[in-house]
Amino acid sequence: MATIYELKRRAQELSAKKDSLSISPEEVGGLIDETLDVINEAEKNQIGLGIRNTYTTVAEMNADSTSPVGSDEKPLKFGQIVTVYDENTPDAVDNGNIYAFQNPGWKLVSTTGNLSVYAKKRRCRNGKEYG
């Protein structure tokens, strides 16, 4: 794949051509095609790893399994991850589960566990429990 600098150089070369019919449709089409490849790759990397959305229940997530969007309103791509967490029900069994979008559907890939258990059982430096 061409770099952005190579594309810029090619665009400058095309713009320098002044003679009638000196630019072929293949040159223009090739430049556009490669430019779109670079943009597509940049977009994939821009929204790579990270939790793209949070659902309060697995049922809510499953209901949104054909064309989900992230919290930024951009469509999820295959492999992007979401989580399930309901702050109003901190002991919910699915809290902390992490799912990858399968286009369509979801795959449980990991869990952070129920962190509310740890929050209730914090320890000081001297080992005594508090909280």
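A polar contact is a pair of N or O atoms within 3.5 Å; within protein, one must be able to donate a hydrogen and the other to accept it, and residues adjacent in sequence count only if both atoms are side-chain atoms. The model here is predicted: local features need pLDDT of at least 70, side-chain atom pairs count only at pLDDT 80 or more, and totals for chains, interfaces and linings use all residues. Residues are numbered from 1 along each chain as its sequence is written, and side-chain values use heavy atoms, with hydrogens and water left out.

Start at Asn-95. This residue sits in the loop linking β2 (81-84) to β3 (97-101); strands are DSSP runs of E, at least two residues, and helices runs of H or I, at least four, numbered from the N terminus. The side chain of Asn-95 comes to 3.0 Å from the backbone oxygen of Thr-89. A polar atom of that side chain also lies 3.2 Å from the backbone oxygen of Pro-90. Asn-95 has a relative accessible area of 3%, so it counts as buried (under 20%; exposed is over 50%, partly exposed in between; 1.4 Å probe, protein chains only).

Now the sheet. Four strands form an open sheet in the order β1-β2-β3-β4, with mixed pairing; two strands pair if DSSP finds at least two bridges between them. β1 (51-55) and β4 (106-111) are the edges, each with a single partner strand, so one side of each has no neighbour in the sheet. β3 and β4 run antiparallel, joined by 5 bridges. In one of them, Ala-100 partners Lys-107 of β4.

Last, helix α2 (residues 25-46) holds Leu-36. Leu-36 is exposed, at 51% relative accessible area.
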